[in-house]
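I opened my notebook today to get to know a new structure. Here it is, so that you can follow along.

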Amino acid sequence: MGEKSLKFGQWVLKTGLASAFLGVLLWYGAEKSITVAQVNTALASVPLAFVALIELFDKIADKNDYYNRLYATFGAKKSRAGAILTSLFFAALGMFVVIWALSGTITMNLGTIGPENIFVAGLISLYIFAPETGDDELLLWAWIGATIATKGQYLVLFPQMWGFSMLVRTLIPAL
């Protein structure tokens with residue numbers, strides 16, 4: 001599978017939208033007076049398994065160029081504006097799903113959903129959405145840094161899922 005890249009116009013559009021979303025996130029963080037310590041705690045509480053899945057998803061999405069495929073599938077030749085709007089709709093939907101999943105995962109580990117959890121979930125979904133981030137494990141390095149900064153206090157390998165914890169307890173009775 002060869003590496004593909006976005007067409008220049010689509011890259012500009014996606015970069016512009018990612019920048020606008022980052023601007024909204026930074027504004028939200030400033031409005032809620034989110035501190036670096038809060039961001040560290042929220043990021044460190046994301047389960048390692050979830051970080052690995054996000055890194056894998058980001059690599060697959062960037063390498064397979066789903067954005068261009070989605071654009072072509074929904075009629076770039078018929079209506080360029082319609083194709084762009086459709087692909088943007090799916091990108092926004094994907095971002096909201098990631099934010100929802102992450103804020104739930106962070107909440108299960110910290111016990112509360114606060115502005116810092118939404119902020120970190122937004123940053124991670126932006127990481128997936130931003131063009132050409134699949135070559136580096138930026139989220140993994142940020143997660144490791146946050147885990148070190150919090151002295152491993154929030155280290156979680158797998159999300160707290162009822163079925164998973166039952167399986168682990170069944171297989172390893174000493175837990």
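These are my entries, starting with the whole chain and ending with single residues.

**Ground rules**

I noted that this is a predicted model, in which local features need pLDDT of at least 70, side-chain atom pairs count only at pLDDT 80 or more, and totals for chains, interfaces and linings use all residues. Residues are numbered from 1 along each chain as its sequence is written, and side-chain values use heavy atoms, with hydrogens and water left out.

**The whole chain**

I looked up the elements and found eight helices and zero strands. Helices (H or I, at least four residues) and strands (E, at least two) are DSSP runs, numbered from the N terminus. From that end the order reads α-α-α-α-α-α-α-α.

Next I checked burial: of the 175 residues in the chain, 38% are buried. Buried means under 20% relative accessible area, exposed over 50%, and partly exposed in between (1.4 Å probe, protein chains only).

Then I looked at contacts, which are heavy atoms within 4.5 Å. Among contacts with a separation of 6 or more, 79% join residues 24 or more positions apart.

**The core**

Which residues have the most contacts inside the largest nonpolar core? I found L43, V46, I54, V120, I124 and L139, in a core of 19 residues. Such a core is a set of buried Ala, Val, Leu, Ile, Met, Phe, Trp, Tyr and Cys residues joined through side-chain atoms within 4.5 Å. At least two core residues come from each of α1 (8–31), α2 (36–44), α3 (48–64), α6 (115–129) and α7 (138–149). The largest share, five residues, is supplied by α6.

**A helix pair**

I then turned to α1 and α6, whose axes are 10 Å apart and pack at an angle of about 170°. Axes are lines fitted to C-alpha atoms, for helices over the stretch in contact, and angles run from 0 to 180 degrees between N-to-C directions. The two helices are therefore roughly antiparallel to each other, a label for angles over 145 degrees. On the α1 side, the residues that meet α6 include L17, F21 and L25. Among their partners in α6 are I118, F119 and L126.

Is T147 buried or exposed? I found T147 buried, at 12% relative accessibility. T147 lies in helix α7, and its side chain reaches the backbone oxygen of W143 at 2.8 Å. Leaving aside neighbours within four places in sequence, T147 is in contact with A44, G152 and L155.

T133 sits in the loop between α6 and α7, and at 13% relative accessibility T133 also counts as buried. I checked T133 against K59: they are 74 residues apart in sequence, but 7.6 Å apart in space, C-alpha to C-alpha.

**Two positive phi angles**

Where is S33 placed? I found S33 in the loop between α1 and α2. S33 is not a glycine, yet its phi is positive, about 50°. With a relative accessible area of 54%, S33 is exposed.

My last entry is K151, in the loop between α7 and α8 (162–171). K151 is not a glycine either, and has a positive phi of about 55°. At 77% relative accessibility, K151 counts as exposed.

Notes. A polar contact is a pair of N or O atoms within 3.5 Å; within protein, one must be able to donate a hydrogen and the other to accept it, and residues adjacent in sequence count only if both atoms are side-chain atoms. Angles under 35 degrees count as roughly parallel, over 145 as roughly antiparallel, 65 to 115 as roughly perpendicular and the rest as oblique.
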